[in-house]
Amino acid sequence: MKHYNLAVVGATGMVGRKMLEVLAERKLPIGNFYAFASPRSAGSAITFCGKQYTVIELTEENIKAQPLDFAIFSAGGETSRVFAPIFAAAGCIVVDNSSQWRMDPSVPLVVPEVNPDALKSHANIIANPNCSTIQAVVALAPLHRRYGIKRIVYSTYQAVSGAGLAGWTDLENGVKGMPPQKFSRPIFGNVIPQIDVFLDNGYTKEEDKMIRETRKILGDESLKITATTVRVPVYNGHSESVNIEFKRKPALSVVRKILKSSPGITVVDDIKRGKFPTPLDCSGRDDVFVGRIRLDDSVKNGLNLWVVSDNIRKGAATNAVQIVETLIRG
């Protein structure tokens, strides 16, 4: 079996460390491993698959010194803008977790369960979608293929881990009565209907990401989509209420059958027994969990779904690793 040289850029951050964990769990055929990070973290030690590695400073010289096949980025948009092309020019395939390349027409935006064929054409840079978009499209794609989606209304309930360690710390400190440092308002005992900055049209950047990324991943720019994204006092795991209007009338029995048989989805939907997915149920797991499946009689061909997933795993680390796995399998 061929082994591949792989790097993680931003290896010391919250998502970077989760990427190392997922890489170890999924046992990719890795020959040599390299951990890159900022000058602040360079020289520190990091453990991967039971071995200690010295974190390498992210510089053009250090990049070119390593013979790399893949690099998974989790270091922010500016870092990706500067350094991803350097890796790509050296023949390394970059899977980038930032928003930097997602809407670039020449860069595929990929969720392996949904649009793996997009990987057939790339210029050594591949974008990992936004966490809230990933879990939504895993559930939507098989239904779109069957019924044709006309309109989507997203309402999200997003965990503080989606804002990184600073968001997590704000919730921990809020429990102690301390003021927020990351968020614009206290998050403990509160919900904040703002994720990222506001745009001129009144939407936030997070809402705009979900709208545009969904269209690109599903390959349908005609989709009518609106979104309201909300930060909630949950440590980990995003929840989404997804209201869909289809072109053709959905049958609940068929919808459930489609979802149950689709890769990456676990259906938890038995309201008589009080069974539906919550963030605590999904934390530490890779599937997208779907429940509260019901028709929406207020519109023609309407359906409601409740979609929950671990935003650090499937919403970031696992999806990126799955992209590498898909490329290795060819």
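This is a predicted model: local features need pLDDT of at least 70, side-chain atom pairs count only at pLDDT 80 or more; totals for chains, interfaces and linings use all residues.
Me: What does Lys314 form a salt bridge with?
Reply: The partner of Lys314 is Glu113, and the closest N and O atoms of the two are 2.8 Å apart. This pair links distant parts of the chain, 201 residues apart, with Lys314 in helix H9 (residues 313-329) and Glu113 in the loop between strand E7 (93-96) and strand E8 (125-127).

Me: And Glu113, buried or exposed?
Reply: Glu113 is also counted as buried, because its relative accessibility comes to 17%, against a cut-off of under 20%.

Me: How many salt bridges are there overall?
Reply: The count comes to 16. One of them joins the side chains of Lys64 and Glu60, at 2.8 Å from N to O, and both of these residues lie in helix H2 (residues 60-64), 4 residues apart, which is about one turn of the helix. Lys64 counts as exposed at 55% relative accessibility, whereas Glu60, at 39%, counts as partly exposed.

Me: What about Arg273, which residue does it pair with?
Reply: Arg273 forms a salt bridge with Asp270, where the closest N and O atoms are 3.6 Å apart. Arg273 is exposed, with a relative accessibility of 64%, while Asp270 is partly exposed at 27%. Elsewhere, salt bridges that share partners join Lys18, Glu21, Glu25, Arg26, Asp286, Arg313 and Glu325 into one network.

Me: Since H6 came up, how far apart are its end C-alpha atoms?
Reply: They are 20 Å apart, which agrees with the 20 Å that the 14 residues of H6 should span at 1.5 Å a residue. Just after H6, Gly219 takes a positive phi of about 70°.

Me: Which residues of H6 are buried, and what covers them?
Reply: The buried residues are Glu206, Glu207, Lys209, Met210, Ile211, Glu213, Thr214, Ile217 and Leu218. Their cover includes helix H4 (131-147), strand E9 (149-158), strand E10 (224-231) and strand E11 (238-246).

Me: Pockets next. What volume does the largest pocket have, and what lines it?
Reply: Its volume is about 1200 Å³, and 47 residues line it, with Gly76, Asn97, Gly162, Ala163 and Gly164 lying nearest the centre. Helix H1 (14-26), helix H3 (77-89), H6 and H9 each supply at least two residues of that lining, which divides into 16 nonpolar, 22 polar and 9 charged residues.

Me: And the second largest pocket, what are its volume and lining?
Reply: The second largest pocket has a volume of about 160 Å³, and the residues that line it include Leu23, Leu28, Phe48 and Tyr53. The elements giving two or more residues to this lining are H1, strand E2 (30-37) and strand E4 (51-54), and the lining divides into 7 nonpolar, 1 polar and 2 charged residues.

Technical notes:
Residues are numbered from 1 along each chain as its sequence is written. Side-chain values use heavy atoms; hydrogens and water are left out. A salt bridge is a side-chain nitrogen of Lys or Arg within 4 Å of a carboxyl oxygen of Asp or Glu. Buried means under 20% relative accessible area, exposed over 50%, partly exposed in between (1.4 Å probe, protein chains only). The expected span of a helix is 1.5 Å times one less than its number of residues. Contact means heavy atoms within 4.5 Å. On a 1 Å grid over the protein atoms alone, a cavity is a set of points where a 1.4 Å probe fits but cannot get out, and a pocket is an open set with protein on both sides within 12 Å along at least five of seven lines; lining residues have an atom within 4 Å of a point. Grid points are joined across faces, edges and corners, and a volume is the space filled by probe spheres set on the points. Ala, Val, Leu, Ile, Met, Phe, Trp, Tyr, Cys and Pro count as nonpolar, Asp, Glu, Lys and Arg as charged, and the others, Gly among them, as polar.
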